[in-house]
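Hi,

Here is the structure I promised to pass on. My notes follow below it.

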Amino acid sequence: MPAPTLETDRLLLSPFAPEDLDVLHRHLSDAQVMRYYPSVLSREGSEMWLDRILRDYAESGFGMLAVRLKETAQFIGQAGIMRRIDGGGTHHYLAYLLCREFWDFGYATEAARRLLGFGFEQMRLDVVEGLVRPENLPSLMVVQRLGMHAAGASEHAGFHHDVYAVRREAWRRARC
């Protein structure tokens with residue numbers, strides 16, 4: 001199953017391709033964008049990031065998508081649902097990371113809302129989770145706007161994250 005292309009009023013979320021490496025690397029080497037990650041990425045680190053995305057497409061048919069402005073096709077970041085398997089089972093995580101010049105326009109919430117719809121309607125997921133570092137207040141505001149609620153804590157990439165989740169039934173009720 002190929003990775004999806006999704007649309008919102010203002011955005012196009014489409015699969016990454018190998019030729020997206022340059023724009024992705026500029027994004028992942030920005031210290032402000034990566035402030036809640038262990039570090040900015042080198043070119044090699046960005047290649048590994050893109051390889052992981054492409055591998056996710058091959059293994060599950062979904063993953064992080066390039067987020068572009070619908071009107072101009074300008075790359076503004078990435079967002080997606082990632083499947084991760086750990087000792088506690090299979091988890092589906094909502095993720096988003098935008099270029100800093102596109103913060104505070106509601107794009108993260110818009111992309112994430114569309115992804116939740118895809119996750120619950122097309123993928124038939126029962127629950128979608130989000131990992132948020134406690135100090136990342138903008139991301140906390142996004143998950144709260146989406147109706148996600150605190151569901152525990154997790155260590156990820158060496159950092160404490162609060163886990164937020166929303167179940168399909170709650171998401172459907174909130175949309176009605």
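Helix 1 (residues 21-28) packs against helix 2 (residues 43-60) at an angle of about 115 degrees. Their axes lie 9 Å apart. Please keep in mind that this is a predicted model. Angles of 65 to 115 degrees count as roughly perpendicular, so helix 1 and helix 2 are roughly perpendicular to each other. The crossing of helix 1 past helix 2 is right-handed. On the helix 1 side, the contact uses L21, D22, L24, H25 and L28. On the helix 2 side, they meet R43, S46, E47, W49 and L50. By class, that contact has 5 nonpolar, 2 polar and 3 charged residues.

Next, the strands. Is strand 3 (residues 64-69) enclosed or open? Strand 3 is largely enclosed by the rest of the structure, because 6 of its 6 residues are buried. Strands 3 and 4 form a hairpin, with 5 residues between them. In the turn, A73 has a positive phi of about 70 degrees.

E101 sits between strand 5 (89-98) and helix 3 (107-121). E101 counts as exposed because its relative accessibility is 51%, and the cut-off is over 50%. The C-alpha atoms of E101 and I76 are 8.2 Å apart. Along the chain, E101 and I76 are separated by 25 residues.

Best wishes

Methods:
Residues numbered from 1 in each chain as written. Predicted model: local features only at pLDDT ≥ 70, side-chain atom pairs only at ≥ 80, totals over all residues. Heavy atoms only, no water. Helix = DSSP H or I, 4+ residues; strand = E, 2+ residues; numbered from the N terminus. Buried < 20%, exposed > 50% of the residue type's maximum accessible area, 1.4 Å probe, protein only. Pairing = 2+ DSSP bridges. Axes fitted to C-alpha atoms, helices over the stretch in contact; angles between N-to-C directions. Parallel < 35°, antiparallel > 145°, perpendicular 65-115°, else oblique. Left-handed = near helix turned anticlockwise from the far one by under 90°. Contact = heavy atoms within 4.5 Å. Nonpolar A, V, L, I, M, F, W, Y, C, P; charged D, E, K, R; others polar.
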